[in-house]
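Have a look at the fold before reading on.

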Amino acid sequence: MKKLLVATLLMVAPIAAQACAPTDFTIQDVKVSAVGSGISTRLSVKGKLINNCSAAAAAQVRVDAKDGTGNVLASKAGWPAGTTNISPGQSVDFDLGRMLHYQSDMQSYSLTVVDVRAW
């Protein structure tokens with residue numbers, strides 16, 4: 001029984017060592033703007049998600065829209081690469097603004113990697 005346990009641990013250890021964490025991804029070149037006017041105004045939240053992990057993986061990014069005092073008005077999360085893994089050192093461009101309904105009192109935005117998965 002001990003041999004089986006040791007063999008299982010040796011097989012699983014390399015997989016666990018390759019697991020990526022949210023901190024293995026970075027978000028760069030974020031640009032936020034309101035596009036259009038009136039009731040057709042939509043939000044554009046563009047950026048670049050970079051995989052700094054040693055394995056291919058995908059990351060979920062959450063965007064929080066805040067008012068002038070820092071209160072979160074809206075929050076949505078999305079997978080910029082969908083169900084496609086991003087290779088180590090590679091990046092994917094994204095626009096998560098379409099997930100949020102524009103509000104005129106939105107003053108600041110924060111983007112955070114909240115989950116990582118290998119598809």
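This is a predicted model: local features need pLDDT of at least 70, side-chain atom pairs count only at pLDDT 80 or more; totals for chains, interfaces and linings use all residues.

Residues are numbered from 1 along each chain as its sequence is written, and side-chain values use heavy atoms, with hydrogens and water left out.

**The sheet**

Helices (H or I, at least four residues) and strands (E, at least two) are DSSP runs, numbered from the N terminus. Two strands pair if DSSP finds at least two bridges between them. With that in hand, β1 and β2 run antiparallel and are joined by 9 bridges; Val35 has Arg42 in β2 as its bridge partner. On to the next pair: β2 and β5 are also antiparallel, with 5 bridges between them, and Lys48 has Asp93 in β5 as its bridge partner.

Put together, this is an open sheet of 3 strands in the order β1-β2-β5, with antiparallel pairing. The edges belong to β1 and β5 (91–95), each with a single partner strand, so one side of each has no neighbour in the sheet.

Ser44 sits in strand β2 (residues 42–51). Its side chain makes a 3.3 Å polar contact with that of Asp95. A polar contact here is a pair of N or O atoms within 3.5 Å; within protein, one must be able to donate a hydrogen and the other to accept it, and residues adjacent in sequence count only if both atoms are side-chain atoms. Not counting residues up to four places away in sequence, Ser44 touches Lys31, Val32, Ser33, Val35, Asp95 and Gly97, where contact means heavy atoms within 4.5 Å.

Over in strand β1 (residues 25–35) you'll find Val30. Leaving aside neighbours within four places in sequence, Val30 is in contact with Lys46, Gly47 and Leu111. Val30 and Phe94 are 64 residues apart in sequence, and their C-alpha atoms are 9.5 Å apart in space.

Here is how some residues score for accessibility (buried means under 20% relative accessible area, exposed over 50%, partly exposed in between, with a 1.4 Å probe and protein chains only).

| Residue | Relative accessible area | Class |
|---|---|---|
| Ser44 | 5% | buried |
| Val30 | 39% | partly exposed |
| Cys20 | 16% | buried |
| Cys53 | 7% | buried |

**The disulfide**

Counting cysteine sulfur atoms within 2.5 Å as a disulfide, the model has 1. Cys20 and Cys53 form it, with their sulfur atoms 1.9 Å apart. The pair links distant parts of the chain, 33 residues apart: Cys20 is in the loop between α1 (2–17) and β1, and Cys53 is in the loop between β2 and β3 (58–66). The torsion about the S-S bond of Cys20 and Cys53 is about -85°, so the disulfide is left-handed.

**The core**

A nonpolar core is a set of buried Ala, Val, Leu, Ile, Met, Phe, Trp, Tyr and Cys residues joined through side-chain atoms within 4.5 Å. The largest one has 23 residues, and Cys20, Phe25, Leu49, Val113 and Val116 touch the most other members. At least two residues of this core come from each of β2, β3, β5 and β6 (108–117), with β3 giving the largest share, 4 residues. Beyond four places in sequence, Val116 is in contact with residues including Cys20, Phe25 and Trp79.
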